[in-house]
Amino acid sequence: MIDTHTHLYYPEFAADLNEVIARAQAAGVEKIITAAVDRATAEQCLALATRYPGVVYAAAGVHPSDVSRASEDDLLWIEAVAGDPAVVAVGEIGLDVYRGETNLVEQEAVFERMLELARRAGLPVIIHHRAAGTRTLEIVKAHGITRGVFHCFSEDAEYAKRVLDQGLCISFTGNITYKNSRLPEVARTLPLDRLLLETDAPFMAPVPYRGKRCEPVHVREVALKLAEIHSVPFDEVDHVTTAAAHGVFFAG
Ligand SMILES: [Zn+2]
Ligand SMILES: [Zn+2]
């Protein structure tokens with residue numbers, strides 16, 4: 001398994017990150033991508049990739065909820081660091097109007113700049129699309145982006161199909177395991193080889209850990225849920241989603 005989306009630099013992991021990584025590896029998690037939300041966290045992601053070589057990889061970008069705090073210097077720094085071999089994606093980037101944000105123009109400007117960075121650097125993108133799905137996909141299409149993932153997927157099956165048609169993959173977090181979630185119905189309609197696993201740790205812990213700190217070992221619960229939804233063995237979900245993640249992030 002590959003946990004394609006975490007935030008390992010959160011204070012929640014400060015005390016026991018070695019154990020967290022070891023637990024994940026013991027459960028069959030071979031790689032973990034840790035995604036930045038701004039320059040400071042991108043620096044932390046790179047430090048973690050150095051600390052756990054061959055296991056932890058970095059994504060560098062500016063999260064839509066952090067664009068207002070990002071200076072021009074920060075953006076230039078992120079553009080420069082995209083060439084570092086430990087950086088396997090531009091992310092997380094996108095749009096978020098979940099709390100009625102009014103800075104959509106600013107969010108779109110930074111998002112578009114990050115998409116162009118990905119194109120220039122030949123990197124895949126990790127897209128956040130909370131409450132702004134339609135506009136997010138329009139912008140991705142307008143920039144001709146065809147490699148990456150819509151993470152923490154929250155839209156419907158019709159939208160998911162349009163994401164796949166654009167060439168990108170979809171990943172579900174632990175929220176696919178929540179009672180009354182409509183996401184299993186969405187996942188059922190999608191081919192397994194276009195789905196990636198993620199936790200978004202320390203957030204979104206799957207059942208039966210809901211409400212606790214989420215960590216990469218919990219990606220197993222997401223894989224088990226997909227196995228149940230697709231009526232296939234766990235090993236098949238493991239192999240197929242790992243191959244898909246390799247294709248997106250580690251294809252060279
Ligand atoms: Zn996100
Ligand atoms: Zn995230």
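Which residue in β7 is the bridge partner of Val149? It's Cys169. That bridge belongs to the pairing of β6 (residues 148-150) with β7 (residues 169-172), which run parallel over 2 bridges. Strands count as paired if DSSP finds at least two bridges between them. Helices (H or I, at least four residues) and strands (E, at least two) are DSSP runs numbered from the N terminus.

A word on the source: this is a predicted model, where local features need pLDDT of at least 70, side-chain atom pairs count only at pLDDT 80 or more, and totals for chains, interfaces and linings use all residues. Residues are numbered from 1 along each chain as its sequence is written, while chains are lettered from A and ligands numbered from 1 in the order in which they are written.

Zooming out, the chain has 9 helices and 8 strands. Its radius of gyration is 17 Å, close to the 18 Å of the globule rule for 252 residues, so the chain is as compact as a globular protein of that length. The radius is taken over C-alpha atoms, and the rule is 2.2 Å times the number of residues to the power 0.38. Buried residues account for 50% of the 252. Here, buried is 20 or more other C-beta atoms within 10 Å of a residue's own, exposed is 12 or fewer, and partly exposed is in between, with C-beta atoms placed from the backbone.

Now for helix α5 (residues 133-142), where Gly133, Thr136, Leu137 and Val140 are buried. They span an arc of only 95° around the axis, which puts them on the same side of α5; the arc is that of the directions from the helix axis to the C-beta atoms. On the face turned away are the exposed Thr134, Glu138 and Ala142. After α5 comes Gly144, with a positive phi near 65°.

Most residues other than glycine have a negative phi, and most peptide bonds are trans.

| Cis peptide bond | Omega |
|---|---|
| Gly91 to Glu92 | near 0° |
| Val207 to Pro208 | near 10° |

Glu92 lies in β4, whereas Pro208 is in the loop between β8 and α8 (219-230). Met204 is in the loop between β8 and α8 too, and its phi is positive, near 60°. Met204 is buried, with 22 other C-beta atoms within 10 Å. Asn180, with a positive phi of about 70°, counts as exposed with 4 C-beta neighbours inside 10 Å.
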